[in-house]
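Dear colleague,

Please find below the structure that I am handing over to you. My notes on what was found in it follow directly after.

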Amino acid sequence: MSLAGVLDERRICICVGAGGVGKTTSAAAIALGLAERGRRVALITIDPSRRLAGALALDALASEPQLLSAEHLAPAGIALRGEVWAMVLDPKRTFDDLVRRLAVDEATRDRVFANRIYREISGAVGGSHEFTAIAKLFELDRSGQFDAIVLDTPPSRNTLDFLRAPEQLMQFIDAPSLRLFLAPAGLGARFANRAAAPAMALMRRLIGIDLLAEIALFFAAVGSLVGGFRERAAAVEALLRDRGTTFVLVSSPEREPVRESIAFAAQLRQAGLEIGGVVVNRVVSVRDADASDAPSDAPATELALVAALGERLGGLVAASAQRAVLQAHQDQLGIAQLRGQLDGVPLTLVPRLDRSLGELETLGAVTRRLFA
Amino acid sequence: MIDGSPAPGLLGRRLVFVVGKGGVGRSTLAATLGLIAARHGARTIVAEVSGRGELAQLFGVAAEPGEVEVAPRLWAIQIDTERALDEYLHEHLPLRMLADLVGATRLIGYLAAATPGLRELLNVGKLWELAQPERRVPDGSPYDLVVVDAPASGHSLALLTAPRSFARTAQGGPIARQGGRIDAFLHDRRRTAMIAVTRPEEAAVSELLDLNGRLLREAGLPVDLIVVNGVSDERLDDADARALRAVLGRPPELPARARAAVERTLAADLESRIEREQIERLAAGLPGVPRVELLRSYSGEFGLVELEALATQLEAEL
């Protein structure tokens, strides 16, 4: 089964992998390829560094889906029968929207927005990025506006955090001891709770009273939202395991990304999530490096180079070709390792592309490789 | 191979953070720096925050909890937040209260997970503890140097700003005092250094420039050294590039293989020029910050032997 074959049967594709391996370009290429096959695709990135905008040759992306025109995408050379809508996720705004939707009234909403701890959580700290990303995914999926959604995840090692985000949020909210904090009365009432008293004394000693009061206020403020959060987190978690959802692991053949990819794959499998494909970018193929020939040909090539370019420059070119051979062999090792660990998962190689190509030409070339 | 001379430059400080985005070789650099310092006779520990035991793997030892000796005078540790919390509680609470801990650890664990920045504070607190001339944990031996394999960019920022934000938010409590102490240590440039790693690629350079700006603005911490990893250095001079393009365009036709080699050399030259542009962009964004460039390696495996070789290359540059 090819990557394209898997993607044809899925609604949601989540691209994961180490940083700096062309994950964003791969996600954009997958979106483009699906649109070529007639689907209406939402392409979401969480990466604030404008990498997706760059890959799509745009100055910036909005936090609402924006339709990419066929004229704009023309240099990619992909004939679109469907549509690509791109957006960058604004975690703070997504979190705020969620609170707006779940809050029973305006007063509750404003109390949550005003809380210092909420302001920090909804910013960039901890797992909130991850949670809001999948919350948005869920929302877009449910809106029925799109028949495919491609998500470019944050470039980091913490894929596990990303997968655990809904579960963690739920565990946190369901923790019985935290109900203490959810009681509407003031701190004093909670200290009166005999079971909790020693723990509270400890916490006061550990954290200091001001912070504790702040945390209590936070829980009091979000308390009314808990039911909604719990429902949402459960639905999001179910969506990740849905038969229509698949994960695409993006790597390069280099040592560190290969090692990280293998670790990601283990995490995904342990979590019972489907790995729909592996994309290996920037491969120097043995054929390109021309190493498929007998080594005895190398001296002949060098002689021809020296004859045409002189001793110094000819030697320099021969040495450069030799490095390409080394690189190609090294890449083969990385690919073999990935293959060995990901038996049965379609693996697609994308060659190292000519750096003089424009963004959209590059994107088109990657798309053709992924959907070949 | 101790040469007895003090560890070079930044390695003479007590706490060195290696920051940068994922996949640029942060762990490898942290391990290499540790190796260099240990060679100079410094008792060194390399600490991995939010890692998966990659350091142990690099040194070819099994990943174990706690401080593990991986080479002569060199240790490695994976920072474990729960353990750090436990150590903190044991240091700060009277025995009478510790007895109550049994029932309260879960609650404390939940709160630690829920309080924004508390995990980061505990982690950076452990790094600080490792760097103290007098260790806080029972049986802890002091280190001359702690090299931190910091988490990827955004998470590093959270780690480095946590002490300051707790010092402000938790006014007066023990956590505020602890936060203030750690923050002062981080800002003491005789004791703490920041080394930023990147690759000569647009995304990596942009992320580093962004991280540097945020480190300065939000944490008040400047970068002391930039390490550019994986530089290809296959740039041709203009006359050579012209000669190669000419040979492709004129008869007699080169044999196919020689022609492919010439094309490959020109492509590598272009790659190298694009890399150079990125390095220049980096230099312009971080004026006055010293920079070390490490060449791309073409060897497949990476273990202790390669680390030693990299240490030798880097040491000459420090």
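R73(B) counts as partly exposed, because it has 19 C-beta neighbours inside 10 Å. On this scale a residue is buried if 20 or more other C-beta atoms lie within 10 Å of its own, exposed if 12 or fewer, and partly exposed in between, with C-beta atoms placed from the backbone. R73(B) lies in the loop between β3 (68–71) and β4 (74–78) of chain B, and its phi is near 60°, a positive value in a residue other than glycine. Helices (H or I, at least four residues) and strands (E, at least two) are DSSP runs, numbered from the N terminus.

Please note that this is a predicted model, in which local features need pLDDT of at least 70 and side-chain atom pairs count only at pLDDT 80 or more, while totals for chains, interfaces and linings use all residues. Residues are numbered from 1 along each chain as its sequence is written, and chains are lettered from A and ligands numbered from 1 in the order in which they are written.

R282(A) is placed in strand β7 of chain A, and it counts as partly exposed because it has 18 C-beta neighbours inside 10 Å.

Chain B has 11 helices and eight strands, and 48% of its 318 residues count as buried. Of the contacts in chain B between residues at least 6 apart in sequence, 73% join residues at least 24 apart; two residues are in contact if their C-beta atoms, placed from the backbone, lie within 7 Å.

Helix α3 of chain B (residues 81–92) has 12 residues and reaches 16 Å from its first C-alpha to its last, close to the 16 Å expected at 1.5 Å a residue; the expected span is 1.5 Å times one less than the number of residues. Its buried residues are T81(B), A84(B), L85(B) and Y88(B). They cover an arc of only 100° around the axis, so they lie on the same side of α3(B); the arc is that of the directions from the helix axis to the C-beta atoms.

In chain A, an open sheet of eight strands has the order β3-β4-β2-β5-β1-β6-β7-β8, with mixed pairing; two strands pair if DSSP finds at least two bridges between them. β3 (66–67) and β8 (347–351) of chain A stand at the edges with a single partner strand each, so one side of each has no neighbour in the sheet.

Within this sheet, six of the six residues of strand β1(A) (residues 12–17) are buried, so the strand is largely enclosed by the rest of the structure. I12(A), I14(A) and V16(A) are buried on one side, and C13(A), C15(A) and G17(A) on the other. β1(A) pairs in the parallel sense with β6(A) (residues 245–251) over six bridges, and C13(A) has T246(A) as its bridge partner there. With β5(A) (residues 148–152), β1(A) pairs in the parallel sense over four bridges, where I149(A) is the bridge partner of I12(A).

Finally, helix α18 (residues 311–341) of chain A and helix α10 (residues 256–285) of chain B pack at an angle of about 80°, with their axes 8 Å apart. Axes are lines fitted to C-alpha atoms, for helices over the stretch in contact, and angles run from 0 to 180 degrees between N-to-C directions. α18(A) is therefore roughly perpendicular to α10(B), a term for angles of 65 to 115 degrees. Residues of α18(A) including V317(A) and A324(A) meet residues of α10(B) including A261(B) and A268(B).

With kind regards

Definitions and conventions: Parallel < 35°, antiparallel > 145°, perpendicular 65-115°, else oblique.
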